[in-house]
Amino acid sequence: MEATNETWEAEFFLVGFPDLERFHLLLFNLLLFTYLLILGGNTVILMLIRANPHLHVPMYYFVAILSFLEVWYTTVTIPKMLANLLDSRKPISYRGCLLQVYFFHALGITEACLLTAMAYDRYLAICKPLHYPSAMTPKSCLWLVAGCWACGFMWPVPEIILLFMLPFCGAHRIEHLFCDFPSLLSLACADVSTSTTIDFALHSLVILGPTALILFSYVKILSVVIKIQGSEGRRKAFSTCASHLTMVLAFFGTTGFMYIRPARSQPSYHDRVVAVVYAVLTPLFNPLIYSLRNKDIQEAIGNLMKLPPISSVTSG
């Protein structure tokens, strides 16, 4: 059954954190500040990589794409969250809800694929250094990134079709900060067991698959690194992976908790807290991690500001 005209014209209401309503102005300012940091930080990373020829290598090409992705990933949800903090009703149209679900998942899956491609890049650089220049060419990078975007934007299509076919009734109160597949399923006036199973299968594949590939890459990297003679060589090898591994743990840890648990009824308060982590805080980590933990980015920032890199200032 297709969504009726009444459903198509319906209005939904995002619950958010009702216990914190009295702090809405403080939360608005905190979220706005965080959003501006995300936009500014990721834009700076993009500009630094573009302006510094020594950063025009595959690893930083992927970092630049990740920064570009984070800007749009957060723009799907945060502006609406900001508007809802100033509106006690917190409305969103049915069309807007479906679009938010689609683009949030499409960009999130693209990020999962991109983090996997970055792990593959580190695997080639450390485990097969002689083959790396011929294997990771600009054309190869382009194909990898194109594959990530294609997979990301095709994968959520079945979910959107399933949502479009469901009738919705009741108060249309979404127990979440933004529209998401599980929270919308809980509002459907029909049997959603098949939809829930398909949702679980799709998310399991797109989260556990990349996680397994990244884990395999790092097992191989570790087996090579421990054989490197000298602590300096090992430290350099580990440092090239530390930023990426931190991003992987933050992103896959929270999304795994949210989307590949056994079937649950109404989304809980804890789900909304976890959603803040992967929808707001994880995108904020990207520029912070790559600026504070990465020597090349530090040097680029130092050159831009006409100052020595942070690491040399600290050691001095």
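A: Helix H5 (residues 94-127) packs against helix H10 (residues 193-225) at an angle of about 15°, their axes lying 9 Å apart. Here helices (H or I, at least four residues) and strands (E, at least two) are DSSP runs numbered from the N terminus, while axes are lines fitted to C-alpha atoms, for helices over the stretch in contact, with angles from 0 to 180 degrees between N-to-C directions. H5 is therefore roughly parallel to H10, a term for angles under 35 degrees. The crossing of H5 with H10 is left-handed, meaning that the near helix is turned anticlockwise from the far one by less than a right angle.

The model is predicted: local features need pLDDT of at least 70, side-chain atom pairs count only at pLDDT 80 or more, and totals for chains, interfaces and linings use all residues. Residues are numbered from 1 along each chain as its sequence is written, and side-chain values use heavy atoms, with hydrogens and water left out.

Contact denotes heavy atoms within 4.5 Å. On the H5 side the residues that meet H10 include His-105, Ile-109, Ala-112, Tyr-120 and Cys-127; among their counterparts in H10 are His-203, Pro-210, Ser-217, Lys-220 and Val-225.

Of its 316 residues, 48% count as buried, that is, under 20% relative accessible area (1.4 Å probe, protein chains only). Among contacts with a separation of 6 or more, 79% come from residues 24 or more positions apart.

Definitions and conventions. Buried means under 20% relative accessible area, exposed over 50%, partly exposed in between (1.4 Å probe, protein chains only). Angles under 35 degrees count as roughly parallel, over 145 as roughly antiparallel, 65 to 115 as roughly perpendicular and the rest as oblique.
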